Amino acid sequence: MEMRDALALILGLLAAFRGWAQFHPLSMMPPASEDVSVSFYYPDHDGHGSKLPVNDVVTVLCHFSNEGESTLNVTAAMGSLNMAHDFNFYVQNFTFKPVGLVLPPNEEMTFSYEFIMDPRLDTTQDYTLAHSVFYENVAKPEDWYTSTFFNSTVELYTTEAEVDLESIVMIIGA
């Protein structure tokens with residue numbers, strides 16, 4: 001291989017890597033399929049998930065219904081925490097969780113997605129939490145879709161006891 005060809009190969013690989021490194025599943029999401037409906041349920045948090053803990057495992061259930069004529073491969077789920085006043089400001093991304101379940105037409109399923117919010121988050125701040133499911137048409141794997149099954153403003157709280165100056169004075173004075 002000539003030096004010029006080797007340099008071209010290296011530059012091509014770097015360009016490809018740079019493009020790949022900039023891709024993120026939550027930033028270039030394909031549209032939802034009209035044949036799919038999704039819903040959510042937070043089993044440990046009154047179902048609706050409007051108030052969630054930091055530094056604790058949170059489980060959300062995604063109900064996925066294939067109402068179309070094509071078999072779908074439910075590939076993965078992922079979520080993010082964003083600033084409530086600006087959804088484009090990402091605070092925390094949650095793990096890309098493979099699902100890997102094939103769903104025939106007119107069938108439905110429910111799967112769980114677990115995540116933990118960073119304990120350093122400001123619990124006095126409102127955030128927008130979003131969770132999405134990724135899937136494809138089995139007969140046409142190039143047909144990718146994403147449906148967001150939860151997208152709402154949430155209030156965060158800590159499960160650890162907070163100690164303030166007044167509490168310390170009361171303990172020392174006792």
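## Valine 138 and its contacts

Once its neighbours within four places in sequence are set aside, valine 138 is in contact with Thr71, Leu72, Asn73 and Val102. The model in which these contacts are found is a predicted one. Valine 138 sits in the loop between β8, which covers residues 126-137, and β9.

One of the contacts of valine 138 can be followed in more detail, namely the one with asparagine 73. The two residues are 65 residues apart along the chain, and their C-alpha atoms are separated by 6.0 Å.

## Asparagine 73 in strand β4

Asparagine 73 belongs to strand β4, which is made of residues 72-83. Is asparagine 73 buried or exposed? Its relative accessibility is 17%, and asparagine 73 therefore counts as buried, the limit for that class being under 20%.

Not counting residues up to four places away in sequence, asparagine 73 touches Gly100, Leu101, Val102, Phe134, Tyr135, Glu136 and Val138.

## The chain as a whole

The chain holds two helices and nine strands, and when it is read along the sequence these elements follow the pattern α-β-β-β-β-β-β-β-β-β-α. Among the contacts in the chain with a separation of 6 or more, 70% are accounted for by residues 24 or more positions apart.

The chain has 174 residues, and buried residues make up 33% of them. Its accessible surface comes to about 10,900 Å², and 56% of that surface belongs to carbon and sulfur atoms.

## Three salt bridges

Side chains of opposite charge can pair when their charged atoms come close. In this chain the count of salt bridges comes to three. In one of them, the side chains of glutamate 155 and lysine 51 meet with an N to O distance of 3.8 Å. This pair links distant parts of the chain, since glutamate 155 is in strand β9 (residues 144-157) and lysine 51 in strand β2 (residues 51-53), 104 residues apart. Glutamate 155 counts as partly exposed at 38% relative accessibility, and lysine 51 is likewise assigned to the partly exposed class, at 44%.

Another salt bridge is formed where the side chains of glutamate 114 and lysine 97 meet, at 3.7 Å from N to O. Here too the pair links distant parts of the chain, with glutamate 114 in strand β7 (residues 107-116) and lysine 97 in strand β6 (residues 97-103), 17 residues apart. Glutamate 114 is partly exposed, with a relative accessible area of 36%, and lysine 97 counts as partly exposed at 26% relative accessibility. There is also a salt bridge between aspartate 118 and arginine 120, whose closest N and O atoms are 2.7 Å apart. Arginine 120 counts as exposed, because its relative accessibility is 73% and the exposed class begins over 50%.

## A patch of negative charge

Which residues gather in a patch of negative charge on the surface? They are Glu34, Asp35, Glu67, Glu69, Glu107 and Glu108. Aspartate 35, one of these residues, lies in the loop between α1 (3-22) and β1 (36-41). The relative accessible area of aspartate 35 is 38%, so this residue is partly exposed.

## Two asparagines with positive phi

Most residues other than glycine have a negative phi. Asparagine 55 has a phi near 55 degrees, which is a positive value in a residue other than glycine. Asparagine 55 is placed in the loop between β2 and β3 (57-66), and at 40% relative accessibility this residue counts as partly exposed.

Asparagine 106 also has a positive phi, near 60 degrees, and is again a residue other than glycine. The place of asparagine 106 is in the loop between β6 and β7. Is asparagine 106 buried or exposed? Asparagine 106 counts as exposed because its relative accessibility is 56%.

Note on methods:
Residues numbered from 1 in each chain as written. Predicted model: local features only at pLDDT ≥ 70, side-chain atom pairs only at ≥ 80, totals over all residues. Heavy atoms only, no water. Patch = residues over 30% accessible without salt bridge, like charges linked within 9 Å, V, L, I, M, F, W, Y side chains within 5 Å. Areas by Shrake-Rupley, 256 points an atom, 1.4 Å probe, with all protein chains shown as cover. Salt bridge = Lys/Arg side-chain N within 4 Å of Asp/Glu carboxyl O. Lys, Arg positive; Asp, Glu negative; His and termini not counted. Charge placed at Lys NZ, Arg CZ, Asp CG, Glu CD. Helix = DSSP H or I, 4+ residues; strand = E, 2+ residues; numbered from the N terminus. Buried < 20%, exposed > 50% of the residue type's maximum accessible area, 1.4 Å probe, protein only. Contact = heavy atoms within 4.5 Å.
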